[in-house]
Amino acid sequence: MIDTVKEILKKSNNIVFLTGLGTIVECGGRDLWDSDIFYGIENKYKMCPEQLLSAGEYSSRKERFYNFYKNEVISYLPKPDETYTIIKNIEDEGRLKSVVSFNIFGLEKLAGIENVIEVAGSVYNNYCPQCNKTFDVDYLLKSRAIPVCNECKKALRPNIRLLGERVDNDLYTQAAIACSSADAIVIMGADLGSSKIQFVTGHYKGSALILLAYEEHYGDKYADYVFYGSIKDNLKAITS
Ligand SMILES: [Zn+2]
């Protein structure tokens, strides 16, 4: 199967990559939904990560929101690994259509990849809702309690989608259009059964939906090719 997929990718000049949670973990980040981390957080905060990262929490309990966000989310920033170097090389060869990132950690941009659709936003983009001034992630980490704009003193907002907020339809549509005309789609560390991935890949009519995953999921049956195990190693194998 590896040889078939290698051949497909070699001939593809319009490849779309979808990056999910699995790639974050390989890059040294944390999966808040991993059972040990999840229960650790529930114990410490008496709430689950979904509630702590929700729009309701942000709008009505900012101090608690930022306490969690600073200590558990942006204190563990992953760094792009070889997976992202491989994608960058494909972009340099002119064969990348785009990367659709379902992560909030901006790994693609850190790796220098230009054509990225960050459907869930990025922890690196923070702004003042009053004057739109932007702030880097260090500014948030160094601020005490609630980070505020140094000009209007308004509480800052990380530009990530919080639970309970509407998804960004424009970005999802862009992602779906990119996928619909792709030669091949490589999905890494994301569940093909999830409604968001289904929406984005739903109009793809080709036969090269390639899934790289750590473990089995119900949605794997939608893929044309599936490789289990290390995402980085499998990506290396199918692109070498
Ligand atoms: Zn401001």
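Which residues of α12 are buried? They are Ile231, Asn234, Leu235 and Ile238. Buried means that 20 or more other C-beta atoms, placed from the backbone, lie within 10 Å of a residue's own; 12 or fewer makes it exposed, and anything in between partly exposed. Seen down the axis of α12, its buried residues fall within an arc of 100°, so they line one face of the helix. The arc is taken from the directions that lead from the helix axis to the C-beta atoms.

This is a predicted model: local features need pLDDT of at least 70, side-chain atom pairs count only at pLDDT 80 or more, and totals for chains, interfaces and linings use all residues. Residues are numbered from 1 along each chain as its sequence is written. Helices (H or I, at least four residues) and strands (E, at least two) are DSSP runs, numbered from the N terminus.

**Around α12**

The cover over the buried residues of α12 includes α1, α2 (21-26), α7 (82-92), β7 (184-188), β8 (209-213) and β9 (225-228). Helix α1 (residues 2-11) packs against helix α12 (residues 231-239) at about 70°, and their axes are 7 Å apart. That makes α1 roughly perpendicular to α12. The classes are roughly parallel under 35 degrees, roughly antiparallel over 145, roughly perpendicular from 65 to 115, and oblique for the rest. Axes are lines fitted to C-alpha atoms, for helices over the stretch in contact, with angles from 0 to 180 degrees between N-to-C directions.

On the α1 side, the contact uses Ile2, Val5, Lys6 and Leu9; on the α12 side, Ala237, Ile238 and Thr239. Contact means C-beta atoms, placed from the backbone, within 7 Å. The residues of this contact divide into 5 nonpolar, 1 polar and 1 charged.

**The two sheets**

An open sheet of 6 strands runs in the order β3-β2-β1-β7-β8-β9, with parallel pairing. β3 (116-118) and β9 stand at the edges, each with a single partner strand, so one side of each is left without a neighbour in the sheet. From one strand to the next, the twist averages 15°. Helix α7 packs on this sheet and touches β1, β2 (96-101) and β7; its direction makes about 145° with that of β2. In β2, 6 of the 6 residues are buried, so the strand is largely enclosed by the rest of the structure.

A second open sheet has 3 strands in the order β5-β4-β6, with antiparallel pairing. Its edges are β5 (134-135) and β6 (157-160), each with a single partner strand, so one side of each is left without a neighbour in the sheet. Strands pair if DSSP finds at least two bridges between them.

| Strands | Sense | Bridges |
|---|---|---|
| β1 (15-19) and β7 | parallel | 5 bridges |
| β1 and β2 | parallel | 5 bridges |
| β2 and β3 | parallel | 3 bridges |
| β4 (121-127) and β5 | antiparallel | 2 bridges |

Individual partners can be named. Phenylalanine 17 stands opposite valine 186 in β7. Isoleucine 15 has leucine 96 in β2 as its bridge partner. Serine 101 is partnered by glutamate 118 in β3. Asparagine 126 is partnered by phenylalanine 135 in β5.

**Cysteine 27**

Cysteine 27 sits in the loop between α2 and α3 (35-45). The residue is buried, with 23 other C-beta atoms within 10 Å. Leaving aside neighbours within four places in sequence, cysteine 27 is in contact with Pro78, Lys79, Pro80, Asp81 and Leu107. Glycine 206 is 179 residues away along the chain, and 30 Å separates the C-alpha atoms of cysteine 27 and glycine 206.

Key: Contact = placed C-beta atoms within 7 Å. Nonpolar A, V, L, I, M, F, W, Y, C, P; charged D, E, K, R; others polar.
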